[in-house]
Amino acid sequence: MKKAPLSEAEDVVPLSCEQEKILSWLKKVRFRRAVLGGVSEADVWKKIGELNAMYEAALAAERTRYDALLKDRLNTVARQMAKRMCEQAMARQECDHEKKP
């Protein structure tokens, strides 16, 4: 029996729930046969629409994840900068006290 073209997808490790849904869908998708051979164009367009909706959901989920990671990183950098500024201000104050007689 000939392997399906997407058999290589078995080696893919999905990174998210949405990607897992897409991978599973791609492994199961089948097209209606046309009367004169080939596949039904209407069915192909329907499947493309379904796949597009899944990719849009995956993209939206990834964007949400990215935004959360970015916000967390910005908060971390802001805390680090505030800490450094405080340390520098304290160091300057110590220097000022040492200079006064």
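The structure holds three salt bridges, a salt bridge being a side-chain nitrogen of Lys or Arg within 4 Å of a carboxyl oxygen of Asp or Glu. This is a predicted model, in which local features need pLDDT of at least 70 and side-chain atom pairs count only at pLDDT 80 or more, while totals for chains, interfaces and linings use all residues. Residues are numbered from 1 along each chain as its sequence is written, and side-chain values use heavy atoms, with hydrogens and water left out.

Q: Which side chain meets Lys47 in a salt bridge, and is Lys47 buried or exposed?

A: Side chains of opposite charge can pair when their charged atoms come close. Here Lys47 pairs with Asp43, at 3.4 Å from N to O, and both residues lie in helix H2 (residues 41-99), four residues apart, about one turn of the helix. Helices are DSSP runs of H or I with at least four residues, numbered from the N terminus. Lys47 counts as buried at 15% relative accessibility, and Asp43 is buried too, with a relative accessible area of 5%; buried means under 20% relative accessible area, exposed over 50%, and partly exposed in between, with a 1.4 Å probe and protein chains only.

Q: Where do Glu62 and Arg65 lie, and how many Å apart are their closest N and O atoms?

A: Glu62 and Arg65 both belong to helix H2, three residues apart, about one turn of the helix, and the closest N and O atoms of their salt bridge are 2.8 Å apart. Glu62 is partly exposed, with a relative accessible area of 36%, and Arg65 is partly exposed at 47%.

Q: How many disulfides does a search of the whole structure find?

A: A disulfide is a covalent bond between the sulfur atoms of two cysteines. The search, which asks for a pair of cysteine sulfur atoms within 2.5 Å, finds zero disulfides in the whole structure. As for individual cysteines, Cys17 counts as partly exposed at 48% relative accessibility, and Cys86 is partly exposed with a relative accessible area of 42%.

Q: What does the span of helix H1 tell us, and which of its residues are buried?

A: The expected span of a helix is 1.5 Å times one less than its number of residues. For the twelve residues of helix H1 (residues 17-28) the span should be 16 Å, and the end C-alpha atoms are 17 Å apart, which agrees. In H1, the residues Ile22, Leu23 and Trp25 are buried. Seen down the axis of H1, the buried residues fall within an arc of 165°, so they line one face of the helix, where the arc is that of the directions from the helix axis to the C-beta atoms. On the other side of H1, Lys21 and Lys28 are exposed.

Terms used
Helix = DSSP H or I, 4+ residues; strand = E, 2+ residues; numbered from the N terminus.
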